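The following exercises concern the predicted model shown here. Each task sentence is followed by a solution in steps.

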Amino acid sequence: MEGRPLLPNELELFKKALGIGPHNFWRWSSRTRNFKLLTDGKVVWVEGTEENIGKSMPVHEATWWSWELIREKLKDIS
């Protein structure tokens, strides 16, 4: 799967939607291999975990998120 790093504004939206802030950023970052996030415009995933895209995983083990899910979470917040 071909991906590109998240743009700064995409990263901010991602962090806001998933509730990632200064208080938990480093814990979350270490769990996701130091926060190397890629996107193809449809999903966001942690670099090196492409094989998990489409598989359902427990939330605490998630390594990919759809932009649709991210948009829904942002709507819930606002």
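**Exercise 1.** Does Arg27 count as buried or exposed, and what is the relative accessibility that decides which?

*Solution.* The model is predicted: local features need pLDDT of at least 70, side-chain atom pairs count only at pLDDT 80 or more, and totals for chains, interfaces and linings use all residues. Residues are numbered from 1 along each chain as its sequence is written, and side-chain values use heavy atoms, with hydrogens and water left out.

Step 1. Apply the cut-offs: buried means under 20% relative accessible area, exposed over 50%, and partly exposed in between, with a 1.4 Å probe and protein chains only.

Step 2. Arg27 has 64% relative accessibility and therefore counts as exposed.

Step 3. Place Arg27 in the fold: this residue belongs to helix α2. Helices (H or I, at least four residues) and strands (E, at least two) are DSSP runs, numbered from the N terminus.

Step 4. Relate Arg27 to Lys75: they are 48 residues apart in sequence, and their C-alpha atoms are 25 Å apart in space. Lys75 is part of helix α3 and is exposed, with a relative accessible area of 64%.

**Exercise 2.** Determine which residues of α1 are buried and where they lie around the axis.

*Solution.* Step 1. The buried residues of α1 are Glu10, Phe14, Lys15 and Ala17.

Step 1. These residues are on the same side of α1, because they cover an arc of only 165° around the axis. The arc is that of the directions from the helix axis to the C-beta atoms.

Step 2. The other side of α1 carries the exposed residues Pro8, Asn9 and Lys16.

Step 3. Just after α1, Gly19 has a positive phi of about 70°.

**Exercise 3.** Carry out the analysis of Exercise 2 for α3, and state what its buried residues pack against.

*Solution.* Step 1. Trp67, Ile70 and Leu74 are buried in α3.

Step 1. Their arc around the axis is only 55°, so they are on the same side of α3. An α-helix has 3.6 residues a turn, so residues three or four places apart point the same way.

Step 2. Glu68, Lys75 and Asp76 are exposed on the other side of α3.

Step 3. The partners of the buried residues of α3 are α1, β2 (37-39), β3 and β4, where contact means heavy atoms within 4.5 Å.

**Exercise 4.** Describe the largest nonpolar core and the contacts of Val44.

*Solution.* Step 1. A nonpolar core is a set of buried Ala, Val, Leu, Ile, Met, Phe, Trp, Tyr and Cys residues joined through side-chain atoms within 4.5 Å.

Step 1. The largest core has 14 residues, and those with the most contacts inside it are Leu6, Phe14, Leu37, Val44, Trp65 and Ile70.

Step 2. Two or more residues of this core come from each of α1 (8-17), α2 (25-31), β3 (43-46) and α3 (67-77). With three residues, α3 gives the most.

Step 3. Leaving aside residues up to four places away in sequence, Val44 touches Leu6, Phe14, Leu37, Leu38, Thr39, Thr63, Trp64, Trp65, Trp67 and Ile70.

**Exercise 5.** Identify the aromatic pair and explain which parts of the chain it ties together.

*Solution.* Step 1. Rings of Phe, Tyr and Trp (its six-membered ring) pair if their centres lie within 6.5 Å; planes under 30 degrees apart count as stacked, over 60 as edge-to-face and the rest as tilted.

Step 1. This rule gives a count of one aromatic pair. Phe14 and Trp65 form an edge-to-face pair, with 5.1 Å from centre to centre and 75° between the planes.

Step 2. Phe14 lies in helix α1 and Trp65 in strand β4 (residues 64-66), so the pair ties together parts that are 51 residues apart in sequence.

Step 3. Check the burial of both partners: Phe14 is buried at a relative accessible area of 0%, and Trp65 is buried at 7%.
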